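I opened a new notebook page for this model.

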Amino acid sequence: MRGFRSALSRAAARTRAELQGTPRRRLSHSAATPVRPSFGIAFDIDGVILRGRSPIGGSPQAIQRLYADDGTLKIPFLFLTNGGGVPEYKRALELSELLGVNISPSQVVHGHSPYRELVKRFEDDPIVAVGKGEPAAVMAEYGFRKVLSIDDYSSYFREIDPLAPFKKWNVGQSDCKNLMSEKMHPPYDVYSERVKGVFVVSDPVDWGRDLQVLCDILSTGGLPGNGKGDQPPLYFAADDLEYQAAFPSERLGMGAFRIALESIFNQVNDLPLKYTSYGKPNPFVFKNAANILEKLAMGIYPKSQSTKEVKDHQFSTIYMIGDNPKVDICGVLKAGPPWSSILTRTGVFRGTDNDLKFPADLVVDTVEDAISCILEKECIR
Ligand SMILES: [Mg+2]
């Protein structure tokens with residue numbers, strides 16, 4: 001590992017001038033290079049690639065190095081983020097625009113992407129989707145047929161949020177009458193059909209209203225205002241306590257909301273809250289990402305042999321580039337080989353050395369440095 005690190009350190013010091021001015025690349029499955037690389041890369045987004053909507057750490061230049069001169073994808077990579085709130089195809093379009101490459105929807109793995117696997121179980125059940133962006137559209141895209149966002153769901157229950165009249169923004173409750181008349185064909189009857197599942201898709205927006213309405217749904221067996229009942233299943237797309245957004249210091253994430261909901265629910269109910277959390281650092285997420293990378297590599301190099309002797313075409317190394325030791329690096333430590341971690345200093349982590357609790361295999365300043373290190377170590381020009 002010491003030799004590996006010194007090679008990576010040398011690569012980190014390479015000039016960045018050659019990386020400037022790279023033309024826009026496109027994703028293609030034509031085999032421009034017949035030799036398949038034995039490694040793949042997973043990028044965290046917030047604090048590594050972007051801060052807010054702004055690229056950071058030379059991320060456009062770093063990503064563009066993963067494409068051949070003719071614009072074909074050379075190195076299998078994907079984005080592995082606990083964020084989300086929009087369908088993967090929309091996020092792929094946004095990243096394509098910001099980074100100057102064509103990102104495929106299959107290269108975007110959100111915290112909520114594993115919800116796809118639950119479609120069979122809840123396909124025709126009434127469910128509620130929570131969070132910023134388009135949580136109901138995300139779930140409908142996956143195949144859930146009877147889904148309402150918590151905004152829409154709450155709007156059907158007059159006075160469910162007693163604080164709504166004091167809110168300066170439009171949360172639905174204040175224009176309940178209009179919404180009721182506009183929504184002639186909701187996907188289910190909220191007054192008679194019990195909610196069978198609650199999915200927190202992305203960071204909740206109106207915490208006060210959402211905590212109240214979720215306690216109502218979860219305490220009553222899915223029918224607010226109708227006495228106690230068995231708790232329907234509850235899922236969180238991630239469990240990040242904090243994350244790096246545009247503000248200089250970290251912001252409270254979905255994990256903080258989960259703690260708030262769990263604390264309150266457990267105070268007002270006899271039985272403790274039951275829930276399932278996805279997202280990094282759950283090893284399941286890394287296994288799923290490895291499978292997606294393998295499919296991506298097979299698509300790029302359908303007939304090629306690996307550059308190294310790698311059993312069953314599996315990767316010898318998959319690099320995770322992240323900014324959050326508790327999430328990205330802890331996840332790699334749990335997942336084990338072939339995962340290898342690289343920690344950047346552009347987000348949550350700002351230390352000079354390494355994280356003490358979850359040490360990364362390598363610490364660099366930026367994602368651009370990380371890519372230089374990887375390509376040098378893997379002998380890719
Ligand atoms: Mg991050």
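What percentage of the 381 residues of the protein chain count as buried? I looked it up: 47% do. I note here that the model is a predicted one.

**Entry 1, the whole chain.** I counted secondary structure next. The protein chain has 12 helices and 15 strands. Then I checked contacts with a separation of 6 or more. Residues 24 or more positions apart account for 68% of them.

**Entry 2, a sheet of 6 strands.** I traced an open sheet with parallel pairing. Its order is β5-β4-β1-β13-β14-β15. Where are its edges? They are at β5 (108-109) and β15 (362-364), each of which pairs on one side only. I then looked at one pair inside the sheet. Strand β1 (residues 39-43) runs parallel to strand β4 (residues 77-80), and 3 bridges join them. I41 stands opposite F77 in β4. A helix also belongs in this entry. Helix α10 (residues 283-300) lies across β1, β4, β5, β13 (317-322) and β14 (339-344). I noted its angle to β4 as about 150 degrees.

I found another open sheet, in the order β7-β6-β8-β9-β12. The pairing is parallel here. The edge strands are β7 (147-149) and β12 (276-277), and each pairs on one side only. How many bridges join β6 to β8? I found 4, between residues 127-130 of β6 and residues 197-200 of β8. These two strands run parallel.

α8 has 13 residues and reaches 17 Å from its first C-alpha to its last. That is close to the 18 Å expected at 1.5 Å a residue. Which residues of α8 are buried? I listed R209, D210, V213, L214, I217, L218 and S219. I recalled a general point about the spacing in such a list. An α-helix has 3.6 residues a turn, so residues three or four places apart point the same way. What do the buried residues of α8 pack against? I found β6, β8 and β9, along with the helices α6 (150-155) and α9 (254-268). Last, I looked past the end of the helix. Just after α8, G221 takes a positive phi of about 75 degrees.

Key:
Residues numbered from 1 in each chain as written. Predicted model: local features only at pLDDT ≥ 70, side-chain atom pairs only at ≥ 80, totals over all residues. Pairing = 2+ DSSP bridges. Buried ≥ 20, exposed ≤ 12 C-beta atoms within 10 Å, placed from the backbone. Contact = placed C-beta atoms within 7 Å. Axes fitted to C-alpha atoms, helices over the stretch in contact; angles between N-to-C directions. Expected span 1.5 Å × (residues − 1).
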